[in-house]
Amino acid sequence: MTVDEAYIPLQVDEDIVLNNISPYFKVSKTKYGGRGCFTYHDIPKDTVILRCQRPISHSVTKPFKKECCNYCFNYFNGKILKSKISKKYGKDTCSIFFCSEECKESFISQDVNDIYQTSLLLIEKHYLNSLGKFDLELKEPPKNQDLDQIIVQEWNHVEEWEDKLNAMKPAKRSNQIPQINDSEYLEIKYVVGVLFQRFKLSTLTTTPNKYLEDIQSDELMKRELELFEILQSSETEKVEKFPYLLYSYINIYKFIKVTSLPELQPFINPQRVRDTIGRNLTNAFGIWSEVLNPTEDKEFLGFGVYPSASYFNHSCSPNLIKKRINNTLTFTTKRDIQANEELCIDYGSYLDENVIVRRKELSEWFFECGCEKCNIDLEKLCI
């Protein structure tokens with residue numbers, strides 16, 4: 001595969017892919033804009049309508065990388081995991097941690113020529129090497145200039161930087177690795193996971209008109225990748241809301257471009273990385289520690305992106321229950337569902353808050369909730 005061929009977007013027949021997620025629902029346009037999941041027929045309570053076997057990519061936070069299994073996401077309340085893949089780089093030993101040898105072997109079995117594990121270890125290595133070498137300043141675009149124009153200009157500068165990078169001798173390229181903070185570290189691992197899937201699945205074909213439950217392994221991941229490509233990116237909206245993120249995303253891109261293995265390089269360009277980041281912003285599912293008491297605080301362990309589950313819209317009175325069992329997500333009907341009814345989940349933990357608080361919190365997903373519960377609550381406030 002040439003670099004030019006790799007830059008061609010994945011060709012996806014949206015109708016076929018979207019309507020073969022589950023035998024229980026199809027993806028259609030909603031009356032309020034965008035797409036949603038609508039049932040084909042009546043569905044009884046306690047029916048599992050979608051099971052996502054594993055994410056297309058995920059990332060474990062730096063504070064919990066030794067305590068949360070990098071495959072199944074099991075967390076043992078601060079206990080350091082013993083199963084790991086390690087490599088020594090000079091004075092630093094970089095590792096990927098697992099809760100068991102079984103999870104470690106499952107992770108290895110889904111790799112190709114150790115490319116994914118090597119990529120994760122290199123991210124760790126370069127992250128550690130850059131610590132303290134530079135002053136990590138929070139840079140923001142000038143407030144008196146047009147932000148859209150600045151965004152274009154800054155990414156044009158990245159292309160110029162890349163031309164210079166390509167002309168450098170390999171020994172000098174390492175000087176171009178930027179220092180990254182913890183949130184960028186988290187994002188980079190996720191982006192590289194998606195890049196790896198693109199590399200691994202680039203020549204695989206999928207069987208049309210089959211539901212996800214009827215296919216397995218790499219073909220299942222390829223279908224998830226096709227669904228991922230259809231997802232909307234919210235990268236520009238996020239930068240408009242938090243302009244400093246423009247330079248953070250550029251930082252992420254430069255780090256990935258300089259440090260990634262040759263096998264992944266054909267799949268890396270600015271727009272692709274920007275879209276990959278942007279699809280995470282409104283579609284990722286948080287990985288949280290389990291608690292016995294609902295009043296206990298949960299630990300944020302990381303996040304995973306499950307594209308087939310990303311087409312469920314939010315409702316403050318959801319009719320689906322989401323549950324994570326290890327790295328698998330299941331979605332089960334909370335009550336009897338009628339034919340052509342939209343299937344919705346809860347995006348956050350705000351259902352017990354008043355409508356003003358709920359809407360403010362949910363605005364992080366770039367929408368204003370107009371579900372039936374919110375409309376009723378707003379009417380009560382106006383009385």
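Okay, let's start with helix 4: twelve of its 16 residues are buried, so this helix is largely enclosed by the rest of the structure. Buried here means under 20% relative accessible area, with exposed over 50% and partly exposed in between, using a 1.4 Å probe and protein chains only. Helices are DSSP runs of H or I with at least four residues, strands are E runs of at least two, and both are numbered from the N terminus.

Quick caveat: this is a predicted model, where local features need pLDDT of at least 70 and side-chain atom pairs count only at pLDDT 80 or more, while totals for chains, interfaces and linings use all residues. Residues are numbered from 1 along each chain as its sequence is written, and side-chain values use heavy atoms, leaving out hydrogens and water.

Back to helix 4. Its buried residues include Ile115, Tyr116, Leu120 and Tyr127. What do the buried residues of helix 4 pack against? Among others, strand 5 (83-89), strand 6 (92-98) and helix 7 (182-201); contact means heavy atoms within 4.5 Å.

Now, those two strands. Strand 5 and strand 6 pair in the antiparallel sense over seven bridges; to pair, DSSP has to find at least two bridges between them. Lys84 stands opposite Phe97 in strand 6. Their hairpin has two residues between the strands, and Gly90 takes a positive phi near 60 degrees there. Six of the seven residues of strand 6 are buried, so strand 6 is largely enclosed by the rest of the structure too.

Last stop, Phe312. Leaving aside neighbours within four places in sequence, Phe312 is in contact with Phe25, Ile49, Leu50 and Phe331, among others. Thanks, everyone!
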